[in-house]
Amino acid sequence: GPGVPRYSYSANQQAYPEYTAQAAPVQPQVDPVVEAFLRDEHTSNAPAYFVRACSSRMPSAVGLAAKVPVPLGFVFQPLAPVDGQWNVPSVSFRNAPGTIVRCKKCKAYMNPYVTWSHNSRRWNCNLCGYNNETPSNYQSFLDDQGKRGDRGERPELLYGSIDYLSPGEQYCARPPQPPVFIFVIEVGYTAVQSGFLDA
């Protein structure tokens, strides 16, 4: 560490300490824009409880991807149990029917990856690219990065996984019906011979 003595000996002198100055380690400077991006990237993706890719690294170049064919697969478990360290935030629109903002073309839900324009009066869907009009009760100002100023107050603009609590009539042409169960039993020759139908 700094100020640690180093001893040298001479025939005519007694031992004396030589102090060498050592610079303190330099802390890397992190660009605030990059820091905000990494923080947003962490919260904007769905946690691994719900979505997990088969590979954590993919080829970044087209030529490399052609040479190394890596199969791409995902495991989706939207209702997977969580360990209590993270709770899925919920967004309630029960008192304001018709305010769940979705893409008019592909019906994608509002999410952290949409882009905003015209001071949030319009937004571009990140899935299909359609330019949508923002309802007047959902508009807010944009910051210097082009992100909504109220994104910290709206979980759908901040997190990759949320639960929407909405009125049923927004999604149903008629009142919700009781569930219908259909049982399909295979009664082929193999099932009869194995005794499956005896149970």
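Phe76 counts as exposed in this predicted model, because its relative accessibility is 58% and the cut-off for exposed is over 50%. The residue belongs to strand E4, which covers residues 74-76. Phe74, in turn, counts as partly exposed because its relative accessibility is 46%, a value that falls between the limit for buried, under 20%, and the limit for exposed, over 50%.

The rings of Phe74 and Phe76 form an aromatic pair. Their centres are 6.1 Å apart, and the planes make an angle of 40 degrees. A search of the whole structure finds two aromatic pairs.

For the chain, the exposed surface comes to about 15500 Å², with carbon and sulfur atoms supplying 56% of it.

Elsewhere, aromatic rings meet arginine side chains. Arg102 places its charged end over the ring of Tyr109, at 4.3 Å from the ring centre. Trp116 has Arg148 over its face, and here the distance to the ring centre is 4.7 Å.

A further residue to look at is Asp150. It is found in the loop that runs between strand E8 (131-133) and strand E9 (163-165). Is Asp150 buried or exposed? Asp150 is buried, because its relative accessible area is 11% and the cut-off for buried is under 20%. Leaving aside residues up to four places away in sequence, Asp150 touches Ser140 and Leu157.

The chain as a whole can now be set around these sites. It contains three helices and nine strands. Followed along the sequence, these elements come in the order β-β-α-β-α-β-β-β-β-β-β-α. The chain has 199 residues, of which 18% count as buried; Asp150 is one of the buried residues. Contacts can also be sorted by how far apart the partners are in sequence. Among those between residues at least 6 apart, 45% join residues at least 24 apart.

Key
Residues are numbered from 1 along each chain as its sequence is written. This is a predicted model: local features need pLDDT of at least 70, side-chain atom pairs count only at pLDDT 80 or more; totals for chains, interfaces and linings use all residues. Side-chain values use heavy atoms; hydrogens and water are left out. Helices (H or I, at least four residues) and strands (E, at least two) are DSSP runs, numbered from the N terminus. Rings of Phe, Tyr and Trp (its six-membered ring) pair if their centres lie within 6.5 Å; planes under 30 degrees apart count as stacked, over 60 as edge-to-face and the rest as tilted. Buried means under 20% relative accessible area, exposed over 50%, partly exposed in between (1.4 Å probe, protein chains only). A charge sits over a ring if NZ of Lys or CZ of Arg is within 6 Å of the ring centre and within 35 degrees of the ring normal. Contact means heavy atoms within 4.5 Å. Accessible areas come from the Shrake-Rupley method with a 1.4 Å probe; for residues, only the protein chains shown count as cover.
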